[in-house]
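Q: I'm new to reading protein structures. Could you walk me through this one, a feature at a time?

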Amino acid sequence: MKYSNNRDLVRHVFTTLFSSELIELSTVERFFSKTYRQYADGHQLNYEEFYLHLKKLKNETKSLTIEFKAIAEQGSDVLTHHYVHLVKQDNSESLLEVLAHFQLEDGKITGCWESCQVISGSSSDHSFAYIQ
């Protein structure tokens, strides 16, 4: 699928990843470069660790909803300010605020730098930004 801009691609990635019941490796391969690196609040994940991170998010949550407050694009960079609403398996809820910088190349995400803070819920839920 072609996207008119990188903002649309990033939005589509979030929608696709978090709207399905399972995280399939083929879905990750479609959107992320094998050289992908994520830096979240001092924690670094490579491609394989990122895939494990996504699977852990799915296992730990009943639902995960993303609300974009702002999204900007300059060249191959996309910046987002978004909120993540989590309903965990024990039915407790958290709201996380995330500032993220995505780099893209050849239609795939190659890197992400993000800063996350817990707005409501347990302070330990901050680890949802990088759990594996």
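A: Let's begin with charge: Lys and Arg count as positive and Asp and Glu as negative, while His and the chain ends are not counted. The place of a charge is taken as NZ of Lys, CZ of Arg, CG of Asp or CD of Glu. In this protein there are 13 positive and 18 negative side chains, and the centres of the two sets lie 4 Å apart.

Q: Before we go on, what kind of model am I looking at?

A: This is a predicted model, so local features need pLDDT of at least 70 and side-chain atom pairs count only at pLDDT 80 or more, whereas totals for chains, interfaces and linings use all residues. Residues are numbered from 1 along each chain as its sequence is written, and side-chain values use heavy atoms, with hydrogens and water left out.

Q: How many helices and strands does the protein have?

A: Helices (H or I, at least four residues) and strands (E, at least two) are DSSP runs, numbered from the N terminus. Here you'll find 3 helices and 6 strands. Read from the N terminus, their order is α-α-β-β-α-β-β-β-β. The radius of gyration is 14 Å, close to the 14 Å that the globule rule gives for 132 residues, so the protein is as compact as a globular protein of that length. For that comparison, the radius is taken over C-alpha atoms, and the rule is 2.2 Å times the number of residues to the power 0.38. The C-alpha atoms fill a box of roughly 40 × 30 × 25 Å along the principal axes.

Q: What share of the residues counts as buried?

A: Buried means under 20% relative accessible area, exposed means over 50%, and partly exposed is in between (1.4 Å probe, protein chains only). Of the 132 residues, 42% count as buried.

Q: And how do I read contacts along the chain?

A: Contact means heavy atoms within 4.5 Å. Take contacts between residues at least 6 apart in sequence: 49% of them join residues at least 24 apart.

Q: How is a pair of aromatic rings described?

A: You give the distance of the centres and the angle of the planes. Rings of Phe, Tyr and Trp (its six-membered ring) pair if their centres lie within 6.5 Å; planes under 30 degrees apart count as stacked, over 60 as edge-to-face and the rest as tilted. A search of the whole structure finds 7 such pairs. One of them is Phe-14 with Phe-68, edge-to-face at 5.3 Å centre to centre, with 90° between the planes. This pair links distant parts of the chain, since Phe-14 is in helix H1 (residues 6-19) and Phe-68 is in strand E3 (residues 61-74), 54 residues apart. Phe-14 counts as buried at 13% relative accessibility, and Phe-68 as partly exposed at 21%. Another edge-to-face pair is Phe-32 and Tyr-36, 5.0 Å centre to centre with 80° between the planes. Phe-32 is buried at 4%, and Tyr-36 is buried at 1%.

Q: Which residues do ring pairs link into a cluster?

A: They are Phe-14, Phe-18, Phe-68 and Phe-102.

Q: What about the backbone angle phi?

A: Look at two loops. Asp-41 isn't a glycine, yet its phi is positive, about 50°. It lies in the loop between strand E1 (32-40) and strand E2 (43-46), and counts as partly exposed at 26% relative accessibility. Asp-106 also has a positive phi, near 55°. Its loop runs between strand E5 (93-105) and strand E6 (108-120), and Asp-106 is exposed at 74%.

Q: Which residues does His-101 touch?

A: Leave out residues up to four places away in sequence, and His-101 touches Asp-77, Val-78, Leu-79, Gly-111, Cys-112 and Trp-113. His-101 sits in strand E5 and is partly exposed at 26%. From C-alpha to C-alpha, His-101 and Cys-112 are 5.5 Å apart in space, though 11 residues apart in sequence.

Q: Where is His-85?

A: His-85 belongs to strand E4 (residues 77-88) and is partly exposed, with a relative accessible area of 28%. Its C-alpha is 5.1 Å from that of Thr-65, 20 residues away along the chain. Beyond its neighbours within four places in sequence, His-85 has contacts that include Ser-63, Thr-65 and Glu-93.
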